[in-house]
Amino acid sequence: MQKITSFTINHLKLLPGIYVSRKDKAGDTVVTTFDIRMTRPNYEPVMNTAEVHTIEHLGATYLRNREDFSEQVLYFGPMGCRTGFYLLLAGDYESSDILPLMTDMFTFIRDFEGEVPGAAARDCGNYLDMNLPMARYLAGHFLEETLADIQECRMIYPED
């Protein structure tokens with residue numbers, strides 16, 4: 001079998017950042033898949049499921065409530081390796097196009113207080129697996145260490 005695109009990226013060279021993972025066509029629409037890489041694969045510890053789950057709930061809620069992007073958001077969710085998230089947007093975008101959106105989203109997560117949206121038995125299949133304090137910490141860390149002064153090398157996949 002042929003490797004899927006995400007398995008062809010050299011994860012030993014991949015740094016935290018925002019990358020265009022792929023662009024696909026769905027009818028006449030381009031769908032851009034972003035790799036929102038929060039931790040360095042195979043070097044840093046992966047995120048625990050509770051904080052990943054919390055970031056997923058907060059990020060998806062934030063994105064789908066942004067009037068300027070809500071109709072373009074197709075999906076926001078975690079990578080199985082727990083080093084980041086995928087964001088799928090309807091439209092032809094580059095990493096630099098969503099930097100303000102990602103900065104706003106991670107600021108929202110960092111500053112969020114109160115009940116996590118959808119963290120109830122009626123709304124979620126694993127509502128007890130949440131860690132808001134750690135999600136806030138990770139969002140702040142990603143903002144400060146990656147997004148605040150993001151370099152080009154953190155927006156284009158490394159050469160093998």
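Author: In what follows, Ala, Val, Leu, Ile, Met, Phe, Trp, Tyr, Cys and Pro count as nonpolar, Asp, Glu, Lys and Arg as charged, and the others, Gly among them, as polar. This is a predicted model: local features need pLDDT of at least 70 and side-chain atom pairs 80 or more, while totals for chains, interfaces and linings use all residues. Numbering starts from 1 along each chain, and side-chain values use heavy atoms, without hydrogens or water.

Reader: Which residues line the largest pocket closest to its centre?

Author: A pocket is an open set of points on a 1 Å grid where a 1.4 Å probe fits, with protein on both sides within 12 Å along at least five of seven lines; lining residues have an atom within 4 Å of a point. Here the largest pocket holds about 210 Å³. Its lining has 13 residues, with T39, P45, M134, Y137 and L138 closest to the centre. Eight lining residues are nonpolar, three polar and two charged. Helix α3 gives the largest share, five residues.

Reader: How many helices and strands does the protein have?

Author: DSSP runs are used: helices are H or I, at least four residues, and strands E, at least two. The protein has three helices and four strands, in the order β-β-α-β-β-α-α.

Reader: At what angle do α1 and α3 cross?

Author: Axes are fitted to C-alpha atoms over the stretch in contact, with angles from 0 to 180 degrees between N-to-C directions. Helix α1 (residues 49–64) and helix α3 (residues 132–147) cross at roughly 75°, their axes coming within 8 Å. The pair is therefore roughly perpendicular (65 to 115 degrees). In contact (heavy atoms within 4.5 Å), E51, T54, I55 and L58 of α1 meet L132, M134, A135 and L138 of α3.

Notes: Parallel < 35°, antiparallel > 145°, perpendicular 65-115°, else oblique. Points joined across faces, edges and corners; volume = space filled by probe spheres on them.
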